[in-house]
Amino acid sequence: MSSPSTPYVPPAPLEGAARVWGTLALSAATFMNVLDSSIANVSLPAISGDLGVSPTQGTWVITSFGVANAIAVPLTGFLTQRIGQVRLFMASIILFVISSWLCGLAPNMTMLIAFRALQGFVAGPMIPLSQTLLLSSYPRAKAGLAMAMWSMTTLVAPVMGPLLGGWITDNISWPWIFYINIPVGLMAAGLTLGIYRKRESPTRKVPIDTIGLALLVLWVGSLQLMLDKGKELDWFHSAQIITLAVVAVVGFAFFLVWELTEKHPVVDLSLFRRRNFWSGTLATAVGYGLFFGNVVILPLWLQQFMGYTATQAGMVLAPVGLLAIVLSPMVGLTVGRVDPRRYATLSFVVFALILWMRSRFNTQTDFTTIMIPTLIQGVAMAFFFIPLVTITLSGLTPDRIPAASGLSNFARITAGAMGTSIATTLWEDRATLHHVQLAEAVNQGSHAASHTMGVLAGAGFSPEQVLAQINRLVDQQAFMLATADLFYGSALLFLLLVPVIWLARPVRGGAGADAAAGAH
């Protein structure tokens with residue numbers, strides 16, 4: 001253990017091949033982690049059927065990972081102080097590989113859920129520490145480029161997950177969605193050990209804040225369970241959801257009071273005293289929640305009401321990474337010379353534009369027209385993470401980077417879960433409202449309704465079948481209108497979020513400089 005009084009001299013940036021291989025190892029670990037949070041979604045029917053449980057019970061495969069991951073991420077700063085950045089990152093990768101292997105071998109649903117919870121928990125420190133180690137690998141002037149490499153994997157993996165998961169489930173078998181982590185994880189662990197083993201951060205024996213940890217598990221676990229099960233249990237019409245909400249709110253209140261008065265808190269909430277940290281974290285979390293909510297709704301609408309197959313819906317989403325991959329390095333190289341608040345503003349404006357474009361869709365919109373906003377969205381994604389991470393981490397000393405990264409990533413992950421729950425609930429609520437309004441127009445006095453019913457009856461449909469067909473058409477239009485409402489509302493929210501970015505102070509000495517302060 002290092003003495004707290006010993007001044008810490010951060011290691012010099014990596015050079016040449018070591019930097020390239022280091023970036024590859026950290027990016028591979030991040031990609032594997034983010035991919036695993038979404039890859040199981042499309043495989044749930046196959047997993048549930050194979051293990052002999054209902055699809056509702058199968059959703060715990062997703063829930064268990066999300067709850068455990070959300071609890072572990074904000075612990076990164078505390079664990080780093082006790083274990084060290086490199087050792088913790090290595091342990092996270094190796095345990096993730098082992099738990100992935102166990103998930104694939106799981107003989108029943110109970111064991112699979114337990115192994116998925118383990119997988120989510122050990123994955124917690126991986127993303128914040130990959131960000132921290134990547135910053136330490138690059139010189140100050142290239143901190144933006146480091147973040148570009150990191151953000152590309154974080155943005156592309158959630159889109160790739162359902163595509164890859166669907167293909168593996170259809171063509172091989174569902175356990176392989178977990179087994180594919182093994183070679184990737186072993187490669188990442190081997191490269192990390194070779195390159196970073198002599199770049200360990202100092203450690204100190206910080207007392208374990210057991211009460212803070214227990215309160216964190218209590219309120220975060222309750223919140224995540226409420227978000228995951230809310231829609232299924234009809235939200236606050238369910239006593240279970242009300243109980244979870246009360247536990248989450250009360251637990252959070254006690255957690256705040258305890259952590260703000262504890263000498264060695266398990267989560268460093270004092271970071272929120274920094275204006276750039278809280279404004280950057282807030283803009284990232286809300287923006288990511290809006291983005292993720294709409295990413296979930298688009299394929300649902302296409303598959304359920306536009307007749308698209310899972311593969312076709314995946315093809316509509318696939319181009320989202322093209323422009324992001326092309327533009328991210330450019331953003332990374334120039335973010336040191338351009339105010340990152342300008343770049344983040346551009347991202348939010350482009351997000352608003354593509355969501356407005358989607359709000360103009362109708363049931364006759366063709367494949368190409370639906371794909372165009374997805375392609376443009378790559379621009380918004382390229383300008384999203386890098387400037388906002390730069391703002392959030394600006395001015396922080398090296399020892400606080402892991403805690404700050406863990407806390408901001410926790411806010412982002414939680415906001416993504418909230419965005420998904422809120423978007424799907426609002427989508428169905430708006431569709432119900434539109435269905436009632438449209439159904440009122442189906443009456444004897446409506447020429448269009450009478451004509452359509454006459455055509456269907458003439459085609460040999462029974463009266464019951466005619467009404468079923470009419471109801472299907474009303475359903476399709478109701479969900480189309482609900483989808484347009486959601487896209488339009490999200491576009492407005494992105495524009496309203498722009499002022500939050502400008503609450504941050506300008507980053508001194510170039511945007512990348514202070515963000516890279518954690519590098520050396």
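For this entry I take contact to mean heavy atoms within 4.5 Å. I'm working on a predicted model, where local features need pLDDT of at least 70, side-chain atom pairs count only at pLDDT 80 or more, and totals for chains, interfaces and linings use all residues. Numbering starts from 1 along each chain as its sequence is written, and side-chain values use heavy atoms, with hydrogens and water left out.

**Entry 1: α14 and α18.** I looked up which residues meet: Phe291, Leu298, Trp301 and Leu302 of α14 touch Ile370, Thr374, Gln377 and Met381 of α18. Helix α14 covers residues 275–305 and helix α18 residues 367–382 (helices are DSSP runs of H or I, at least four residues, numbered from the N terminus). Their axes are 14 Å apart, at an angle of about 165° (axes are lines fitted to C-alpha atoms over the stretch in contact, with angles from 0 to 180 degrees between N-to-C directions). That makes α14 roughly antiparallel to α18 (the cut-off is over 145 degrees; under 35 counts as roughly parallel).

**Entry 2: α4 and α7.** The axes of α4 (residues 60–72) and α7 come within 7 Å and cross at roughly 30°. I therefore put α4 and α7 down as roughly parallel. Among the residues making this contact are Phe65 of α4 and Gln119 of α7.

**Entry 3: glutamine 119.** Is glutamine 119 buried or exposed? Glutamine 119 is buried, at a relative accessible area of 0% (buried is under 20%, exposed over 50%, partly exposed in between, with a 1.4 Å probe and protein chains only). Glutamine 119 sits in α7, residues 109–123. Beyond its neighbours within four places in sequence, glutamine 119 contacts residues including Asp36, Phe96 and Asn181.

Terms used
Helix = DSSP H or I, 4+ residues; strand = E, 2+ residues; numbered from the N terminus. Parallel < 35°, antiparallel > 145°, perpendicular 65-115°, else oblique.
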